[in-house]
Amino acid sequence: MKLRFAGTGDSAQVPCFGCDCPACQRARLLTCHRRGPCAGEIELDGELILIDAGRMDLAERCERQRPAAILLTHYHADHVQGLLHLRWGRGEAIPVYGPKDAQGCADLHKHPGILDFRPGLKPFRPLTLGGLTVTPLPLNHSKPTLGYAIEDGAQRIAWLCDTVGLPGATERFLQEWRPHGVVIDATHPDSYQAPRNHNDVAMALEIIERLDPARAWLTHISHELDASMMTGNLPLPVGVELAADGLEILV
């Protein structure tokens with residue numbers, strides 16, 4: 001199972017429009033420090049599974065390899081806006097799984113095009129996608145939101161974004177499931193006051209410590225967090241790193 005971070009930014013992305021903080025200035029000069037909308041790609045046995053669809057170049061990516069399915073965490077625009085173009089493509093329907101959300105985003109449910117929306121995944125009820133077993137996990141967010149516990153029969157990885165903390169049932173499931181790797185929302189630096197919809201770094205690290213995976217990656221990163229990391233005053237524990245756009249992991 002190969003995991004690729006297609007995007008690791010928050011809704012403002014990096015660089016953030018109009019911002020002259022050190023992280024945004026760096027990202028304008030060096031494309032390797034840019035962060036697009038948070039999204040992932042999993043490849044196994046020649047099949048591609050997308051996690052979220054907020055990148056505006058999504059259709060171009062899918063032309064290179066047509067996805068077998070798309071997993072949506074939720075229907076905020078920065079996680080689904082790429083579907084607004086992709087839906088008008090041609091060929092076989094692409095299954096799109098996600099939480100039950102009557103509002104969805106814009107008119108995606110009304111005019112799905114080639115997208116075969118299959119909303120209403122049941123929490124903790126496993127779904128089989130090719131050689132993967134995917135278990136939806138409830139998360140804490142302002143819209144109905146799911147994380148995913150993904151395993152290929154040998155390796156296990158948990159995708160936990162967008163969330164602020166974890167619901168008790170989700171954390172209990174993960175402690176018993178014992179993921180080898182965890183990808184988790186860490187939008188804000190610790191100096192951010194009163195996180196509502198996303199973890200700050202300290203919250204993310206506390207969750208990682210309790211779940212005790214071999215490796216963990218922080219994602220959904222804001223330009224404020226990148227700027228804080230540039231100061232060198234925010235060391236991360238061994239086995240924990242900031243994800244980057246384009247980073248590929250053989251799980």
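Strand β1 (2-7) runs antiparallel to β14 (residues 248-250), and three bridges join the two. Strands here are DSSP runs of E with at least two residues, helices are runs of H or I with at least four residues, and both are numbered from the N terminus; two strands pair if DSSP finds at least two bridges between them. This is a predicted model, with residues numbered from 1 along each chain as its sequence is written, and local features need pLDDT of at least 70. Side-chain atom pairs count only at pLDDT 80 or more, totals for chains, interfaces and linings use all residues, and side-chain values use heavy atoms, with hydrogens and water left out.

As for nonpolar cores (buried Ala, Val, Leu, Ile, Met, Phe, Trp, Tyr and Cys residues joined through side-chain atoms within 4.5 Å), the largest has 26 residues. Buried means under 20% relative accessible area with a 1.4 Å probe, protein chains only. Among the residues with the most contacts inside this core are Leu3, Phe5 and Trp159. Strands β1, β2 and β10 (156-160) are among those that supply at least two residues each, while β9 gives the most, with three. Setting aside neighbours within four places in sequence, Trp159 is in contact (heavy atoms within 4.5 Å) with Leu3, Phe5, Ala39 and Val183, among others. A second, separate core of 23 residues includes Leu174, Ile207, Ile208 and Leu225.

Ile207 and Ile208 turn up again in helix α6 (residues 201-211), where they are buried along with Val201, Ala204, Leu205 and Leu211. These residues sit on the same side of α6 because they cover an arc of only 160° around the axis, taken from the directions from the helix axis to the C-beta atoms. They pack against β10, α5, β11, β12, α7 and β13. At the N-terminal end, Asp200 caps α6, with a side-chain oxygen 3.2 Å from the backbone nitrogen of Ala202. Just after the helix, Asp212 takes a positive phi of about 55°.

Then there is His79, in helix α3 (residues 77-80). His79 counts as buried because its relative accessibility is 0%. Its side chain makes a polar contact of 3.1 Å with that of Asp162; such a contact is a pair of N or O atoms within 3.5 Å, where within protein one must be able to donate a hydrogen and the other to accept it, and residues adjacent in sequence count only if both atoms are side-chain atoms. Beyond residues up to four places away in sequence, His79 also touches residues including Cys38, Asp52 and His220.

Key. Buried means under 20% relative accessible area, exposed over 50%, partly exposed in between (1.4 Å probe, protein chains only).
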